[in-house]
Amino acid sequence: MNLATSADRSPFQWNAGGWLGAQLGGTGWLLGGALYMLLSAPEVSVIWFAGFVILNAIGWALWRRRERLRAHTAIQLLLAAIGIVGLVAWTALLQLRPDIPRKELWPTSYWPLAIIPAMMLWFAIREHLSRRPAV
């Protein structure tokens, strides 16, 4: 299958605004959490800020490879990285500082991270359906 032809039909196309929005939207919660915990839990804040920096470095590296990488593949890689870093960040918070009041800001479970694999599955289905021959 010709990569250019299949990429043209894909619902995922490289777009600077879309990519930056997805990248910052997927990582902004780490920066916000890091700032919120800066004074009350600096050890957790550092982990969250490092996650934000690492994910944005990954996003930048993927963007720089856009000539050789399909947009769908890149977004799946970015989502996987967000999921992994999210698990690390969430675990750091729950294990290192269970005393921080957070009920109003975020839940005390991992359920919010379930959005990541759900999005990955939805995007994979959309990509797969776009590759089916037209009737």
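Where is the place of Gly-33? Gly-33 has its place in helix H2, and the sections below set that helix within the rest of the chain.

## Basis of the model

The structure is a predicted model, in which local features need pLDDT of at least 70 and side-chain atom pairs count only at pLDDT 80 or more, while totals for chains, interfaces and linings use all residues. Residues are numbered from 1 along each chain as its sequence is written, and side-chain values use heavy atoms, with hydrogens and water left out.

## Overall architecture

The chain has five helices and zero strands, where helices (H or I, at least four residues) and strands (E, at least two) are DSSP runs numbered from the N terminus; read from that terminus, the order of elements is α-α-α-α-α. Of the 135 residues, 36% are buried, the term buried standing for under 20% relative accessible area, exposed for over 50%, and partly exposed for what lies in between (1.4 Å probe, protein chains only).

Contacts, meaning heavy atoms within 4.5 Å, are counted here at a separation of 6 or more, and 71% of them join residues 24 or more positions apart. The chain exposes about 8,300 Å², of which carbon and sulfur atoms supply 69%; accessible areas come from the Shrake-Rupley method with a 1.4 Å probe, and for residues only the protein chains shown count as cover.

Helix H2 spans residues 16-37 and includes Thr-27, which counts as buried because its relative accessibility is 0%. Beyond its neighbours within four places in sequence, Thr-27 is in contact with Phe-52, Leu-55 and Asn-56.

Gln-23 also has its place in helix H2 and, at 7% relative accessibility, counts as buried; leaving aside neighbours within four places in sequence, its contacts are Asn-56, Gly-59, Trp-60 and Leu-78. Gly-33 is likewise buried, at 3% relative accessibility, and its C-alpha lies 7.2 Å from that of Ser-45, a residue 12 positions away in sequence.

## Salt bridges

Side chains of opposite charge can pair when their charged atoms come close. The structure holds three salt bridges, each defined as a side-chain nitrogen of Lys or Arg within 4 Å of a carboxyl oxygen of Asp or Glu. In one of them, Glu-43 pairs with Arg-97, with 3.3 Å between the closest N and O atoms; since Glu-43 lies in helix H3 and Arg-97 in the loop between H4 and helix H5 (115-131), this pair ties together parts that are 54 residues apart in sequence. Glu-43 is partly exposed, at 35% relative accessible area, whereas Arg-97 counts as buried at 18%.

Arg-70 and Glu-127 form a salt bridge at 2.4 Å, N to O, which links the loop between H3 and H4 with helix H5 across 57 residues. Glu-127, buried at 3% relative accessibility, also meets Arg-131 in a salt bridge at 3.2 Å, N to O, and these two residues of helix H5 are four positions apart and therefore separated by about one helical turn. Through shared partners, Arg-70, Glu-127 and Arg-131 are joined into one network.

## Surface patches

Patches are made of residues with over 30% relative accessible area and no salt bridge, with like charges joined within 9 Å and nonpolar side chains (Val, Leu, Ile, Met, Phe, Trp, Tyr) within 5 Å. A nonpolar patch on the surface consists of Ile-47, Ile-84, Val-88 and Leu-96, together about 350 Å² of accessible area. Helix H4 gives the most to this nonpolar patch, with three residues.

A patch of positive charge gathers Arg-64, Arg-65, Arg-66 and Arg-68 on the surface; Lys and Arg count as positive and Asp and Glu as negative, while His and the chain ends are not counted. The place of a charge is taken as NZ of Lys, CZ of Arg, CG of Asp or CD of Glu. Arg-65 sits in the loop between helix H3 (42-64) and helix H4 (71-96) and, at 42% relative accessibility, counts as partly exposed.
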